[in-house]
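Please look over the sequence and the model shown here before reading on. The points below are notes for a reader new to it.

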Amino acid sequence: MTDTSVDPPRTPRRSSAGAAEAPRPAARRGHRPGTTRPDDGNATAATRPAGTRPATARPAEGAAHSAPSAPSAPSATEHSAAGAAGPAGADLHLDLPATGSRRSALMDALREAIRSGRLAPGTRLPPYRALAADLGIARNTAADAYAELVAEGWLTARQGSGTTVAERAEPVPPTRARRSSRPPRPAHDLRQGQPDAAAFPRTAWLAAGRRALTAAPNEAFGPGDPQGRRELREVLADYLARARGVRTDPDRIVVCSGFAHALRLLFDGPRAVLPARTAGPLAVEGYGLAFHRGLLAAAGATTRPLPLDEHGARVGGLAEDPEIRTALLTPAHQFPTGGPLHPGRRAAVVDWARGRGGLVLEDDYDGEFRYDRQPVGALQGLDPERVVYLGTASKSLSPALRLGWMVLPDHLVDRVLAAKGEREAWASALDQLTLAEFIGSGGYDRHVRRMRRRYRDRRDRLVGALAEHAPHIEVTGIAAGLHAVLRLAPGTERSVLKAAAYRGLVLDGLADYRHPLLAAEAMPATDGLVVGYATPPDHAYPAALEALCAILPPPL
Ligand SMILES: Cc1ncc(COP(=O)(O)O)c(C=O)c1O
């Protein structure tokens with residue numbers, strides 16, 4: 001019996017066999033003469049890959065894949081959970097050519113998958129019946145291919161554990177080690193930018209996810225709405241009004257994958273809302289995140305820095321530059337120097353936007369974390385038609401979530417949606433539903449309150465340690481956020497950073513944040529350290545503080 005007579009040539013088929021099957025009858029048919037029987041243990045050294053053990057049994061005809069008395073075939077997932085030698089009946093992707101012997105084609109495909117390492121030693125193959133059904137070939141053909149590969153030593157078949165990839169001596173050549181772009185983990189990490197990763201509310205988040213998935217309509221598992229899940233936009237509208245003073249309704253909110261994504265939607269690409277060539281230069285704060293400046297530069301946008309003083313950005317300068325129609329600010333907590341934008345300047349910048357027909361982009365990255373008094377409300381509340389409010393879960397929960405939200409003036413909603421495209425391609429609808437449930441059930445508020453207490457305590461310990469060990473060092477920007485700025489004597493920042501690196505302490509200097517076009521006459525450079533006191537886990541914080549105090553220069 002030839003394979004082709006059993007299986008006429010077909011178009012290439014892919015297998016993702018995962019279903020179980022009943023055990024094959026004991027008497028097997030279709031063995032080619034001259035083929036070593038898989039169950040006689042006589043595979044010769046010549047036919048076996050070097051160093052392999054002889055096959056000990058014929059392909060286990062479903063013996064391990066499903067018990068003979070199994071009432072019905074378990075699902076692929078049920079299979080995946082079983083078996084010590086790897087997932088039983090795991091999905092197996094094989095491409096067979098359209099023509100030629102089916103058995104040879106299947107054997108070649110399996111050999112290739114094993115040789116390349118795609119099928120690792122110990123991996124359990126799907127039952128031959130499931131594989132045959134998936135590939136559209138005869139069961140005998142699949143059984144024979146397994147048997148022959150057992151005989152050759154590529155596969156092992158044992159009663160009770162199915163057919164698995166043999167342990168082979170011939171190792172798969174290792175992939176060339178790629179150099180990681182991430183530097184090794186430092187001994188002490190006080191870089192700003194992330195909340196305490198150890199404090200992510202795993203249990204509450206999981207519970208919210210379970211509730212959200214249970215309640216989700218089937219439609220939630222289809223392609224997503226680029227505006228974001230309505231459930232999330234509704235709770236966000238309430239939450240932002242209550243906690244941040246934002247004036248909105250769910251229809252003005254567009255969910256995105258964080259602040260950086262919002263910037264891209266606004267400035268980057270052919271459908272950008274504020275394309276560089278028409279929107280003119282963008283005013284930004286003289287100190288800010290270089291990553292965001294780089295993102296804007298890559299989008300072709302030019303930025304002009306506004307000097308800062310103790311009242312925040314000097315927005316009065318906007319009126320003097322007729323080209324500027326958009327300003328990007330961090331009004332609640334200037335990043336990174338700290339401090340809210342003065343109330344007079346808040347009103348002035350909104351007036352400027354009205355008069356200019358321009359826009360203020362409000363980056364409210366950590367507005368929830370204010371310690372000693374009421375949070376500073378969102379600027380957006382002053383004029384929702386002139387301010388684009390940009391929020392994120394990156395500081396309140398985790399940057400790993402990649403969830404953020406834009407609260408837009410009415411006239412921009414459709415343009416932002418056009419920039420996003422027809423389908424949601426960034427923010428997972430399931431994560432959105434989980435966040436909606438987390439906020440709606442009060443979990444988000446509880447988490448923020450808990451973290452506020454924890455970060456305030458961290459901040460107090462930082463201030464206390466400095467008062468004790470380096471009282472000459474001024475610490476600023478401590479009323480809010482997850483970082484503080486330590487002022488250093490002029491000209492000392494670089495050497496202090498070097499001393500820090502020597503001790504395995506990583507943190508940033510203020511110079512990293514300064515806009516390259518900010519003129520010294522407009523705002524002299526100040527030396528300083530940006531200390532992210534939220535970053536280390538609790539247990540590592542005291543040592544990080546000790547390392548910090550040890551590298552601070554003595555009084556002049
Ligand atoms: C100033 C500033 N804005 C916004 C963000 C949030 O960015 P994203 O939402 O893209 O994580 C960060 C970093 O967390 C930040 O430092």
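1. The protein chain holds 16 helices and 17 strands. Helices (H or I, at least four residues) and strands (E, at least two) are DSSP runs, numbered from the N terminus. The model is predicted: local features need pLDDT of at least 70, side-chain atom pairs count only at pLDDT 80 or more, and totals for chains, interfaces and linings use all residues. Residue numbers start from 1 along each chain as its sequence is written.

2. Of the chain's 556 residues, 44% count as buried. A residue is buried if 20 or more other C-beta atoms lie within 10 Å of its own, exposed if 12 or fewer, and partly exposed in between, with C-beta atoms placed from the backbone. Among contacts between residues at least 6 apart in sequence, 76% join residues at least 24 apart; a contact requires C-beta atoms, placed from the backbone, within 7 Å.

3. The ligand is surrounded by 14 residues, and the closest are Gly258, Phe259, Tyr365, Thr392 and Ser394. Ala, Val, Leu, Ile, Met, Phe, Trp, Tyr, Cys and Pro count as nonpolar, Asp, Glu, Lys and Arg as charged, and the others, Gly among them, as polar.

4. Helix H6 (residues 202-215) and helix H13 (residues 429-440) have axes that come within 8 Å and cross at roughly 110°. Axes are lines fitted to C-alpha atoms, for helices over the stretch in contact, and angles run from 0 to 180 degrees between N-to-C directions. H6 is therefore roughly perpendicular to H13, a term for angles of 65 to 115 degrees. On the H6 side the contact includes Trp205 and Arg211, and on the H13 side Glu437 and Phe438. The residues of this contact divide into 9 nonpolar, 2 polar and 2 charged.

5. In helix H15 (residues 493-502), the buried residues are Glu493, Val496, Leu497 and Ala500. They lie on the same side of H15 because they cover an arc of only 100° around the axis, the arc being that of the directions from the helix axis to the C-beta atoms. Arg494, Lys498 and Tyr502 are exposed on the face turned away from that buried side. The cover over the buried residues of H15 includes S15, strand S16 (508-509), S17 and H16.

6. Helix H16 (residues 541-551) buries Tyr541, Ala544, Leu545 and Leu548. These too sit on the same side of their helix, H16, since their arc around the axis is only 100°. Among the elements covering them are strand S3 (188-189) and helix H14 (443-469).

7. Histidine 188 belongs to strand S3. It counts as buried because 20 C-beta neighbours lie inside 10 Å. Leaving aside residues up to four places away in sequence, histidine 188 touches Gly504, Leu505, Ala543, Ala544 and Ala547. Histidine 188 and leucine 548 are 360 residues apart along the chain, yet their C-alpha atoms are separated by 8.9 Å.

8. Two backbone details deserve a look. Most residues other than glycine have a negative phi, and most peptide bonds are trans. Arginine 402, not a glycine, has a positive phi of about 55°; it lies in the loop between strand S11 (387-392) and strand S12 (404-407). The peptide bond from phenylalanine 335 to proline 336 is cis, with omega near 5°.

Terms used:
A residue is near a molecule or strand if its C-beta atom, placed from the backbone, lies within 6 Å of it. Angles under 35 degrees count as roughly parallel, over 145 as roughly antiparallel, 65 to 115 as roughly perpendicular and the rest as oblique. Two residues are in contact if their C-beta atoms, placed from the backbone, lie within 7 Å.
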